[in-house]
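Visitor: I am new to protein structures. How do I start reading one?

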There are 2 protein chains.
Amino acid sequence: MAVQTVASNTTSPVDLGPAAALSCRECGERFGLGPIFACASCFGPLEVAYDLPGDDPEALKKRIEAGPNNIWRYAPLLPVPADVADKPNINPGFTKLVKADNLARELGVTGGLFIKDDSGNPTHSFKDRVVAIAVEAARAFGFTTLSCSSTGNLAGAVGAAAARAGFRSCVFIPHDLEQGKVVMAAVYGGELVGIEGNYDDVNRFCSELIGDPLGEGWGFVNVNLRPYYGEGSKTLAYEICEQLGWRLPDQIVVPIASGSQLTKIDKGLQELIKLGLVEDKPYKIFGAQAEGCSPVSTAFKAGHEVVRPQKPNTIAKSLAIGNPADGPYVLDIARRTGGAVDDVNDEQIVDAIKLLARTEGIFAETAGGVTVGVTKKLIEQGLLDPALTTVVLNTGDGLKTLDAVAPTTGPSATIRPSLEAFRDAGLAG
Amino acid sequence: MAVQTVASNTTSPVDLGPAAALSCRECGERFGLGPIFACASCFGPLEVAYDLPGDDPEALKKRIEAGPNNIWRYAPLLPVPADVADKPNINPGFTKLVKADNLARELGVTGGLFIKDDSGNPTHSFKDRVVAIAVEAARAFGFTTLSCSSTGNLAGAVGAAAARAGFRSCVFIPHDLEQGKVVMAAVYGGELVGIEGNYDDVNRFCSELIGDPLGEGWGFVNVNLRPYYGEGSKTLAYEICEQLGWRLPDQIVVPIASGSQLTKIDKGLQELIKLGLVEDKPYKIFGAQAEGCSPVSTAFKAGHEVVRPQKPNTIAKSLAIGNPADGPYVLDIARRTGGAVDDVNDEQIVDAIKLLARTEGIFAETAGGVTVGVTKKLIEQGLLDPALTTVVLNTGDGLKTLDAVAPTTGPSATIRPSLEAFRDAGLAG
């Protein structure tokens, strides 16, 4: 039997903790927990609905704080079984929230500036969070192979998580990826298949495979496990608030690829308010794109409610989704919270990577250059208030996108090994 | 005035917490805390001597456990001021101790196998630990420039730490390093100087610079700050024991470059015993080298007490120190604890990197391939007891040594985007 692609309205006996059902984000219809991702009635996207814990907020905080130093401390708020921390998983999360005082001075932020640095995850991107949740869903549904389509970060995250959790993995990539990314995707020993075509061709192929008997028993983390996978991004919101001392930030700057991460951060913040873990007060969510792939930013600035697809052309490849599935939801959240969506060009991205490295010693991947660059731009435009507490996401590691900075980053001087040569170079300082 | 290279016997008013003095490892003579690294009497290496806290062990454990999720939780045992966590630093440490059950099965370890995975540090190697301590010493001594000689990992760690802590940095590297390492060293915005020559030439140049007025105000983390710097490696021992539930491991496998890390891990374990934080019981320390740079392993197997220098030729470049300063101390510790020192060749290193990736989803740099490979070899030789609790160090990240695995790591297949082509590839599983 092929994997279901739309829901039948059945209930399921799987134990995914507080996850109660899947519900359609468009029409609200509910479905039993299963490997499904589109509403049987309206084909809208499905998301996880919860029976959240009824604990007293202080007791719940204590329970969380006593948990492990990874995302499983939030197990009561995630679609995972209560004993998740005992299962083999790569245990991402609880990455550093860095108080960026040097960067704040450069940008003129006086209300407190923080970098949520997800380069500290096991495979050095936020993808470890979403994959870790998908692994537990795959376990619950009895899948034996983990799969995805990817251009880099996700392939490594799936490969690593599958290896540790005891799944077979088979990951699909465009055949002409850079060698570094291919090595990272292949080193964990799963199957890696190069597809002759671009990323869209890879995606189309994966959709075919899900509907075919060949794909039986396969959990595609970003397709048939997507409702669970996406919930991993909520943990960014949880961690930021806990690390701020159970306070909401006033402003948060999030990169936009599909837009899912931004919507889930909003969902996470709303849950914390509902549970009484943080004060119910306004916050603003800002979205950041690269100019070379800015469909959501373009729509935001034009006042549109729909997002017109673009053909990506930017060094920020991990954000290069020209037709972002969650674009309209992002527009809605940015407008509803009083935020904005903006973009920066490749040169500004590189400058921002270097600015963050030079001020805070954090080497971000291009997506981090996008968020820092957009933060700078939003401040200059008066859209982001420098007197408010602001959190900027860095979702990946500069080691993964060395090519972006390599052409303009090198030695100050090359000299003979002599004091005279060093004196002549004028670097004694 | 040039920086002192040998100690005068004066006391210093600097506040480095429990650090009471520097003491000579050879003759035991004590010196005041200062930027000195060789004994004025016998030219032996200096190390930090402490007034360790007299707390009740349970109270001290609680104090540590209530500290931050980084090495500063152990501030009472390190040469840093008590308020160190409030100062700008990159705050490394408290990296994952991964229970490696899959790898244990492959290697036949039944007593519990753990990987201490230091790729989770801010710049993805254990060097962040030692540099973080050196930064606090540099602050205490009033230095304004941080420096080092490096072939890669250390340059990045110094660049990042200096940027965040507000120091100027000037780092020296051989002029012909791989571009990736140059980018990593330069991106933090400090001065990076390529020296026309090999690593030995770079080191010789740095020694000259320390003795010259040009180097005034410069803290060379691995030269005139070395006694403090080295202490950072003790935190590996502290974390391993705390993460094991305040228990000593039975066996621990440590890579050997200069040998300093291994000696400091032993020092850390001894301190925990002395403080009553762990039970006083025997443990064995094993050293791991690459065959292409195995001076300590060679001496161990020959029964020598001195280490004969070698010219390195191995893919494990971060361990390629042909004349390891702490070699004789390593030999002594391995023999005294009942451990051993062994080596693996480049092919075994690559195999071990892949073995760890495939079983635990951890992508180690070549130094991690050395420790895992040597662990396997020691078990096969009956020198490491598989029935005992064993901790293996991975000190860096595979992203930094992609070249080691790239030639033998790639896609299983490259196909057209069709189900038929996929079926023909035989990967449906």
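Guide: The buried residues of helix 1 of chain A pack against helix 8 (234–243) of chain A. Contact means heavy atoms within 4.5 Å. Helices are DSSP runs of H or I, at least four residues, numbered from the N terminus. This is a predicted model: local features need pLDDT of at least 70, side-chain atom pairs count only at pLDDT 80 or more, and totals for chains, interfaces and linings use all residues. Residues are numbered from 1 along each chain as its sequence is written, chains are lettered from A and ligands numbered from 1 in written order, and side-chain values use heavy atoms, without hydrogens and water.

Visitor: Which residues of helix 1 of chain A are buried?

Guide: An α-helix has 3.6 residues a turn, so residues three or four places apart point the same way. Helix 1 of chain A spans residues 57–65, and A:L60, A:K61 and A:I64 are buried there (under 20% relative accessible area, 1.4 Å probe, protein chains only). Seen down the helix axis, the buried residues of helix 1 of chain A fall within an arc of 105°, so they line one face.

Visitor: What rotation superposes chain A on chain B?

Guide: Two copies of a chain are related by a rotation about an axis and a shift along it. Here the rotation is 180°, the shift is 0.0 Å, and the RMSD is 0.0 Å. That is the relation of a two-fold axis. In chain A, the C-alpha of A:G120 is nearest the axis, 2.9 Å from it.

Conventions:
Copies are superposed by least squares on the C-alpha atoms of residues with pLDDT of at least 70 in both. Buried means under 20% relative accessible area, exposed over 50%, partly exposed in between (1.4 Å probe, protein chains only). Helices (H or I, at least four residues) and strands (E, at least two) are DSSP runs, numbered from the N terminus. The arc is that of the directions from the helix axis to the C-beta atoms.
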